[in-house]
Amino acid sequence: MVTFSDASTIDACGERGAEASIFVTDHFASLGYPQMILEFEKCYFPYLLQGKKRYAGLKYEPDTDGRMVCKGIDCKGIETERKDTLPFVKDIMHGCLDILMHRRDEKEALGFFREKMAEFIAGGIDFEKFIMKKNLA
């Protein structure tokens with residue numbers, strides 16, 4: 001992951017990423033590694049990094065014209081993707097991430113979380129949301 005502080009838009013970030021991939025590929029070739037080719041793939045904005053290999057972000061990829069196109073929320077390693085997480089927790093995480101990534105409104109995400117917790121305390125959550133299904137090997 002690379003951060004470009006001088007890229008003010010997603011399209012500018014995509015351009016800088018493509019430039020960086022060419023620069024690094026040329027550098028490897030100058031060191032005698034012409035088979036090492038770095039390819040620009042995607043940008044994230046906003047981006048939530050929880051730790052190594054644990055992140056969520058609104059993913060943008062270049063289209064055929066080189067313009068950055070939103071491809072939706074991409075999550076890796078966090079509770080929304082893990083098999084050992086309760087469906088109730090996944091639903092809350094998906095809802096909060098959707099609000100944070102698309103609307104970028106922390107207060108609305110917190111309100112969504114509080115609403116789900118109030119529903120939980122009132123007993124309004126279906127019991128199926130608290131069952132983890134797991135196969136034993």
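Strands S2 and S3 form a hairpin in this predicted model, with five residues between them. If you look into that turn, you will find Gly66, which has a positive phi of about 90 degrees. The two strands, S2 covering residues 54–62 and S3 covering residues 68–76, pair in the antiparallel sense over eight bridges. To find your place in the pairing, look for Pro62, which stands opposite Met68 in S3.

Helix H2 spans residues 87–103 and helix H3 spans residues 106–121; their axes come within 8 Å and cross at roughly 160 degrees. Because an angle over 145 degrees counts as roughly antiparallel, H2 is roughly antiparallel to H3. The crossing of these two helices is right-handed. On the H2 side, the contact is made by Phe88, Asp91, Ile92, Gly95, Cys96, Ile99, Leu100 and Arg103. H3 answers with Glu106, Glu108, Ala109, Phe112, Phe113, Lys116, Met117 and Phe120. Sorted by class, the contact of H2 with H3 has 10 nonpolar residues, five charged ones and one polar one.

Is Thr25 buried or exposed? Thr25 counts as buried, because its relative accessibility is 16% and the cut-off for buried is under 20%. As for its surroundings, leaving out residues up to four places away in sequence, Thr25 touches Met36, Ile37 and Leu38.

Conventions
Residues numbered from 1 in each chain as written. Predicted model: local features only at pLDDT ≥ 70, side-chain atom pairs only at ≥ 80, totals over all residues. Heavy atoms only, no water. Pairing = 2+ DSSP bridges. Helix = DSSP H or I, 4+ residues; strand = E, 2+ residues; numbered from the N terminus. Axes fitted to C-alpha atoms, helices over the stretch in contact; angles between N-to-C directions. Parallel < 35°, antiparallel > 145°, perpendicular 65-115°, else oblique. Left-handed = near helix turned anticlockwise from the far one by under 90°. Contact = heavy atoms within 4.5 Å. Nonpolar A, V, L, I, M, F, W, Y, C, P; charged D, E, K, R; others polar. Buried < 20%, exposed > 50% of the residue type's maximum accessible area, 1.4 Å probe, protein only.
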